[in-house]
Amino acid sequence: MGVAQAAVPTYPDNVVVFPDRDFVTIEGYQDHIGETATVTVTRGSQVIGSAVGTVAEGDVAFEINHPGGVCWGAGTGLNVTPDIQKGDKVSITFSDGASGDTITSTGSAAAHAALSGNTVTVTGTYGPDVIAGQAEVRIVNPDLTALVGKRDVRAVTGGLAPAPKGGYSSNLEMADGRFTATFDFDTLKAAQTAAATQVERFMSWQVEDADANRQGLTISEFGEFGGPGMGGCPAGPADSAPPKASYTVTRSADKTKLAVKWTPADTPAGTPAITNYNVAALKADGTFVGSRVGASATGATLAVDPAVADYTVEVRSVAGAKMGDPFEPAPTAGTGELPADQTAPNLTINPAASGNTAETAVEATSVTLGSESAADVYFTTDGSEAVLGDLPGDTAQLYRSPIAITALTEIHAVAIDRAGNISKQAIGFYKPAGAQVLNAPTGLAATAGIGQVALKWVAPSGSSTPVTGYQVEASTVAADGTITPLATQPVVTTDTNQIVTGLASDTKYSFTVKALYGASSSAPSGAATATTPVASAKVTISSGRWKNADTRIQGTTDQPALTSSVVRFYRKSADGTFSTQYAGPTALVAAVAPATGSTFDGRFRTTALTGTTNPGQIVAKLFDGSGKELGVSAPFALTG
């Protein structure tokens, strides 16, 4: 038995899905008799169908899109019969939080039943969601009752077995995503009757409890058709009319233009997408001027005859070759008579903006606009003007509901009453409440050394959360300016400086640094570049141990043991560079053959040389007799 999803209903409650007929049966839920429940069909995150039904007494609480039940869209306004497909989730919810769902099975017959002598076979496919022990194939035909003692014949896995009432034997084989149901009938008549049915059911369920109750059941019926299951139900997605919305009209003071604005039509999920909007201004004699605009448009401006006092405006959405019903005029912001004077309407904006720059953005989850009666409010969020001359701006939208603030948003808003009076335009910047401010480090500087670059920067200020570290990104810079990040980047540091080691000599590098804020990070700082000098010597510290008044540092170099060459040791300074001499000089000693190069062994036995605390990381630098630096080791941490 498979592992069920937590949302599958528990017996006697169940959600049974018939995807080929787009109908759903809700079973049980007798503790909710007389209560309403919402059934929703979702595909991914998109709702493609919904309905509200009332739980009745009996095994079947209610059905959707089946005679005696309710239609899809009942009580929800999503007036489309969804084309339920494999993988869609059908959920039921009650006001008290009770819920359950079924994921529509991927299993289905792929062809009608095949007849060979007294044997009938049904073949099909299924996906990984189907559990072999939780599936069954049925052929239903009332004429079978007189022939095999039941109105249907059934096949399950487990090998060919006789039916309890006789008349046939059956088996269901499932492997590699394909199934074959075999029915061996005792008589040719029974086999012919079964094969003639032309509706083959593949049933699978997500959960089977200890009493063999089948929960989360899908019944696929090959040969059935979807769409409205009874008269009066809404059409399926392919046959739905383009949706309606609401609109407003504003006429210019010189009567030569009509600005028509509408809210984008809400296309039901799964229906053909809107391709255009058709806008027309009709005169009493039937002539008109019009415009066809794109699917993303929310308005159009029509040039009209100033001598014509009244135009009838029609706005319709278009989906492919279909045109929808006319939109409804939008109600004004309030109620009341048209203003008789020339007083501009008041515009309210809540919360009020504190300025018209991004730096003064007000924190808000949403912004509410309003005005007096008989006025419409228009707004933009793209930085454009909400009003141009005496008409709404080209991208202005009719305000219908609070504006959600999910990012820094510049709102322009204006109110226009039905007499053409216009309020002062409001401009404000808003940002999400509690939005993180993650500033980047500044002042990044790079100082090159042999095989390494020392970086330092200034910690960011004004961030909303504390910095938890810094991540440097290092890249090479080619002669043509191409920047290529290094395969291995420096480790995260909590300091405002870092030495990037292991770099090639005579190479130009570019660096940026980001501030880390837990799992988030800032934008990168400005870049800093540095070119490493040519290195002529390899220097390595092989061991080092600190002890007050007795510190010893040993290492090797590939250079010969010239009497003029010396090694000096440097500790890490506050700025992150190794610029403060710690000890030395130490002479070189020729390496013992067959080794080449030379060795150094510095031992310092006074507190004046070793200090009273462990210096931590140090480097060894090799100098020639003129004081020229020939090479430097990687940082090495002295042990205590």
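Figure 1. Asp22 is found in the loop between strand 1 and strand 2; strands (E, at least two residues) and helices (H or I, at least four) are DSSP runs, numbered from the N terminus. The phi angle of Asp22 is near 55 degrees, which is a positive value in a residue other than glycine. Most residues other than glycine have a negative phi, and most peptide bonds are trans. Residues are numbered from 1 along each chain as its sequence is written, and side-chain values use heavy atoms, with hydrogens and water left out. Because the model is predicted, local features need pLDDT of at least 70 and side-chain atom pairs count only at pLDDT 80 or more, while totals for chains, interfaces and linings use all residues.

**Figure 2. The salt bridge of Glu221 and Arg21.** The side chains of Glu221 and Arg21 meet in a salt bridge, with 2.7 Å from N to O; a salt bridge is a side-chain nitrogen of Lys or Arg within 4 Å of a carboxyl oxygen of Asp or Glu. Glu221 lies in strand 17 (residues 214-222) and Arg21 in the loop between strand 1 (14-18) and strand 2 (23-27), so the pair ties together parts that are 200 residues apart in sequence. Glu221 is buried at a relative accessible area of 1%, whereas Arg21 is partly exposed at 22%.

Figure 3. Since Arg43 lies in strand 3 (residues 36-43) and Asp88 in the loop between strand 5 (60-64) and strand 6 (89-93), the pair ties together parts that are 45 residues apart in sequence. Arg43 is partly exposed, with a relative accessible area of 30%, while Asp88 is buried, with a relative accessible area of 1%. In the other pair, the side chains of Asp152 and Arg154 meet in a salt bridge at 2.9 Å from N to O; Asp152 counts as buried at 7% relative accessibility, and Arg154 counts as partly exposed at 29%. Elsewhere, salt bridges that share partners join Arg21, Arg201 and Glu221 into one network. A search of the whole structure finds 10 salt bridges.

**Figure 4. The disulfide of Cys71 and Cys233.** A disulfide, which is a pair of cysteine sulfur atoms within 2.5 Å, joins Cys71 to Cys233 with an S to S distance of 2.1 Å. The link of Cys71 and Cys233 is left-handed, with -85 degrees about the S-S bond. Cys71 lies in the loop between strand 5 and strand 6, and Cys233 in the loop between strand 17 and strand 18 (246-251), so the pair ties together parts that are 162 residues apart in sequence. Both cysteines count as buried, Cys71 with a relative accessible area of 18% and Cys233 with 11%.

Figure 5. The bridge partner of Thr348 in strand 28 is Gly370.

Figure 6. Tyr11 and Pro12 are joined by a cis peptide bond with omega of about 10 degrees, and Pro12 is found in the segment before strand 1. The peptide bond from Ala593 to Pro594 is also cis, with omega near 10 degrees, and Pro594 is found in the loop between strand 47 (580-590) and strand 48 (598-604). Lys255, whose phi is near 65 degrees, has a positive value in a residue other than glycine. The place of Lys255 is in the loop between strand 18 and strand 19 (257-262), and at 42% relative accessibility Lys255 counts as partly exposed.

Methods: Buried means under 20% relative accessible area, exposed over 50%, partly exposed in between (1.4 Å probe, protein chains only). Two strands pair if DSSP finds at least two bridges between them.
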